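Biologist: I would like to go through this model with you. Let us start with the overall layout and then turn to details.

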Amino acid sequence: MMSHVDPYLVGLDLAGRRVVVVGGGGVAQRRLGGLLTAGADVEVVAPQVTPAVEAMATAGELRWTARGFRAGDLDGAWYAIACTDDPNVNAQVGAEALERRVFCVRADDAPRGSAVTPAVGRHDGLTVGVLAGGNPRRSAAVRTALVEALHAGVVDDAAEPVRPGVALVGGGPGDPELITVRGRRLLSRADVVVTDRLGPRDLLDTLGPHVEVIDASKIPYGRAMNQARINELLVEHARAGKFVVRLKGGDPYVFGRGFEEALACAEAGVPVTVVPGVTSAFAAPAVADVPVSHRGVAHEIVVVSGHVAPDDPRSLVDWPALARLRGTVVLLMAVERIGAFAEALMAGGRPADTPVAVVQDGTMRIQRTLRATLATVADEVREQGINPPAVVVVGPVAGLAEGVTASSS
């Protein structure tokens with residue numbers, strides 16, 4: 001390919017068609033994912049490959065010929081990639097490809113190949129490819145910016161209006177950057193957003209002026225919108241021809257009453273989409289340097305709702321069994337009754353000096369972390385004025401990394 005000629009950007013249908021990748025290192029590993037997604041019949045020719053490439057071969061996703069390149073290896077190929085660390089081998093692959101009229105990418109010397117790999121991004125059925133005249137950093141930067149703009153709704157890719165219905169979107173633990181890509185995209189298309197105080201509130205400011213925002217917050221031991229009324233609002237607006245996003249904190253199905261809302265929509269004949277979210281049960285401890293699992297320390301993680309006390313007849317938790325476990329217990333909605341939970345765990349056999357971490361407003365600018373033990377946590381929560389929302393982690397993992405500061409970038 002002549003370097004001064006702009007390449008012709010085209011989409012290849014490689015489904016079921018033979019593609020040969022010569023080389024098994026990091027470049028091959030990066031290219032293989034896209035080829036397999038395209039349904040290509042892939043053969044890797046290389047004496048050694050990375051563990052990830054070997055795993056693909058073991059799983060039957062591709063074939064690995066464990067030797068160097070030989071003449072005839074491109075027989076029947078539709079496309080080839082030469083990505084060894086030896087320019088001479090890459091040149092041999094390119095020469096055979098030229099002879100056989102097989103388009104070939106030269107990873108080491110793009111102008112000497114007959115094809116160029118664009119920087120590729122995907123968004124909701126769209127594939128964005130960018131070429132920048134041999135400047136891969138520029139093409140990657142533009143690709144990333146375009147895809148992020150599509151994800152955020154800055155660039156409107158909707159050829160048709162969104163159909164009426166409801167999307168139950170898990171907004172993550174609070175930081176607006178921790179919502180999923182799909183959740184962010186659906187939020188950008190909403191006509192109505194029913195949200196609460198645990199959702200990523202900073203994202204509300206990005207909504208268009210036409211979007212109706214309904215506050216369905218439940219303040220602990222204070223003001224709260226009735227769940228039945230929330231269900232009614234979702235159904236009413238969807239039946240009025242609106243696309244409704246129910247923006248919830250964490251994951252909709254982790255103590256978020258999301259399935260109640262899904263059932264209400266289904267019973268009313270309203271289409272509903274569920275978008276999982278990053279649960280605060282794991283995310284809040286992580287940003288506070290508390291791993292809920294650690295090799296050789298915890299082999300189980302139990303997430304428990306603390307909305308009722310251990311002795312409440314409505315409780316479904318087997319506290320004596322929970323106390324006998326040696327791993328991690330994560331308590332949600334537990335601040336008000338933390339003393340009762342600590343007593344129940346100690347009464348069941350958990351040592352009084354078991355480490356406890358309490359993370360308030362995890363991932364938010366006002367995040368606070370308290371470290372204590374089962375014996376002291378109730379007093380310290382009260383003395384330090386810890387308030388909901390907070391995640392409580394009980395177990396050896398809570399004492400692993402005091403003083404460790406992880407980067408949030």
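**Domains, a helix and a site**

Modeller: This is a predicted model. The domain assignment of the protein chain gives domain 1 (18-117), domain 2 (119-152), domain 3 (165-275) and domain 4 (281-399).

Biologist: What distance separates the centres of domain 1 and domain 2?

Modeller: Domain 1 covers 18-117 and domain 2 covers 119-152. Taken over C-alpha atoms, their centres are separated by 23 Å.

Biologist: Why do the buried residues of α3 lie on the same side?

Modeller: The buried residues in α3 are N90, V93, G94, E96 and A97. They lie on the same side of α3 because they cover an arc around the axis of only 165°.

Biologist: Which strands do the buried residues of α3 pack against?

Modeller: The face turned away from the buried side carries exposed N88, L98 and E99. The buried residues pack against β1 (18-22), β4 (79-82) and β5 (103-106).

Biologist: Which backbone nitrogen does a side-chain oxygen of D86 reach?

Modeller: This pair sits at the start of α3. The oxygen comes to within 2.9 Å of the backbone nitrogen of N88.

Biologist: Is D196 buried or exposed?

Modeller: UniProt, in an unreviewed entry, lists D196 and K218 for "active site". D196 lies in the loop between β9 (192-195) and β10 (212-215). Buried means under 20% relative accessible area. D196 has 14%, so D196 is buried.

Biologist: Which residues is D196 in contact with, leaving aside neighbours within four places in sequence?

Modeller: Contact means heavy atoms within 4.5 Å. With those neighbours left aside, the contacts of D196 are D215, A216, S217, R246, L247, K248 and G249.

Notes. Residues numbered from 1 in each chain as written. Predicted model: local features only at pLDDT ≥ 70, side-chain atom pairs only at ≥ 80, totals over all residues. Heavy atoms only, no water. Domains from an automatic or database assignment. Buried < 20%, exposed > 50% of the residue type's maximum accessible area, 1.4 Å probe, protein only. Helix = DSSP H or I, 4+ residues; strand = E, 2+ residues; numbered from the N terminus. Arc of directions from axis to C-beta. Polar contact = N/O pair within 3.5 Å; in protein donor to acceptor, adjacent residues only side chain to side chain. UniProt positions renumbered as here; feature names shortened; annotations may be inferred.
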